[in-house]
Amino acid sequence: MLSAGATQTWVGVLNGTYPIPACIAALFLGRVAARYGNKPVYAACLLAGALGFAGLCLLHDQYALMLPMVGIGIAWAGILAMPYAILSRAVEPRRMGVYMGIFNFTITVPQIVIGLTGGAIVKYCFASDAADMLALAGVFMLLAAVSVFLVKEHKAQ
């Protein structure tokens, strides 16, 4: 078992790990999406993230915890790119900037809300057990992966 200080340090290491697979995945997302479609690729990215969050809850070896960060990194790459790719096919090019800006609120507002309330949620809803919050994140990411297929993708007129 790690001491509190070592645990904090290791959390920092893990948070520094997922951007590496995110950057690598981002290099290939466009080509993979061109071959298989935006929605299946986005759903696969979110599924990788759900599996990553599950791995964080199930694995207990500090070095093994780096493996789930690969899935979370792939999800992060997909989250930053694929919704915009899906949206870009549905809006007129001359209105693209306006719609992308408005759409960005749907990503940033939830991040701000959880940033402001996440600590209280962990404390009061999960008895200060952050692992339960990670499990919930995995469930929501799995639901997001499934819900991607409910999005209707149309080409702008």
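Tutor: Helices here are DSSP runs (H or I) of at least four residues, numbered from the N terminus, and the model in which they are found is a predicted one.

Student: Which element gives the most to the lining of the second largest pocket?

Tutor: The second largest pocket, with a volume of about 170 Å³, is lined by residues including Tyr42, Leu46, Ala144 and Ser147. The elements that give two or more residues to this lining are H3, H4 and H6. Pro83, Ile86 and Leu87 also belong to the lining, and helix H4 covers residues 66-88. With three residues, the element that gives the most is H4.

Student: Which helix gives the most to the lining of the largest pocket?

Tutor: The largest pocket has a volume of about 1,800 Å³, and of its 41 lining residues the closest to its centre are Phe53, Leu56, Met133, Leu134 and Ala137. At least two lining residues come from each of H1 (4-17), H3 (38-58), H4, H5 and H6. Helix H6 spans residues 130-147, and with nine residues the helix that gives the most is H6.

Student: How many residues in the lining of the largest pocket are charged?

Tutor: The lining of the largest pocket includes 33 nonpolar residues, and a further seven are polar. The number of charged residues in it is one.

Student: At what angle do H4 and H5 pack?

Tutor: Two packed helices are described by the angle between their axes and by the distance between those axes. For H4 (residues 66-88) and H5 (residues 96-125) the axes lie 10 Å apart, and H4 passes H5 in a right-handed crossing. The contact involves, among others, Trp76, Ile79 and Tyr84 of H4 and Tyr99, Phe103 and Ile107 of H5, and its residues divide into ten nonpolar, three polar and no charged. The packing angle is about 145°.

Student: Is Ala131 buried, partly exposed or exposed?

Tutor: Ala131 is placed in helix H6, and its C-alpha is 21 Å from that of Pro19, which is 112 residues away in sequence. Its relative accessible area is 34%, and because buried means under 20% and exposed means over 50%, Ala131 is partly exposed.

Technical notes:
Residues are numbered from 1 along each chain as its sequence is written. This is a predicted model: local features need pLDDT of at least 70, side-chain atom pairs count only at pLDDT 80 or more; totals for chains, interfaces and linings use all residues. Side-chain values use heavy atoms; hydrogens and water are left out. Buried means under 20% relative accessible area, exposed over 50%, partly exposed in between (1.4 Å probe, protein chains only). Axes are lines fitted to C-alpha atoms, for helices over the stretch in contact, and angles run from 0 to 180 degrees between N-to-C directions. A crossing is left-handed if the near helix is turned anticlockwise from the far one by less than a right angle, and right-handed if clockwise. Contact means heavy atoms within 4.5 Å. Ala, Val, Leu, Ile, Met, Phe, Trp, Tyr, Cys and Pro count as nonpolar, Asp, Glu, Lys and Arg as charged, and the others, Gly among them, as polar. On a 1 Å grid over the protein atoms alone, a cavity is a set of points where a 1.4 Å probe fits but cannot get out, and a pocket is an open set with protein on both sides within 12 Å along at least five of seven lines; lining residues have an atom within 4 Å of a point. Grid points are joined across faces, edges and corners, and a volume is the space filled by probe spheres set on the points.
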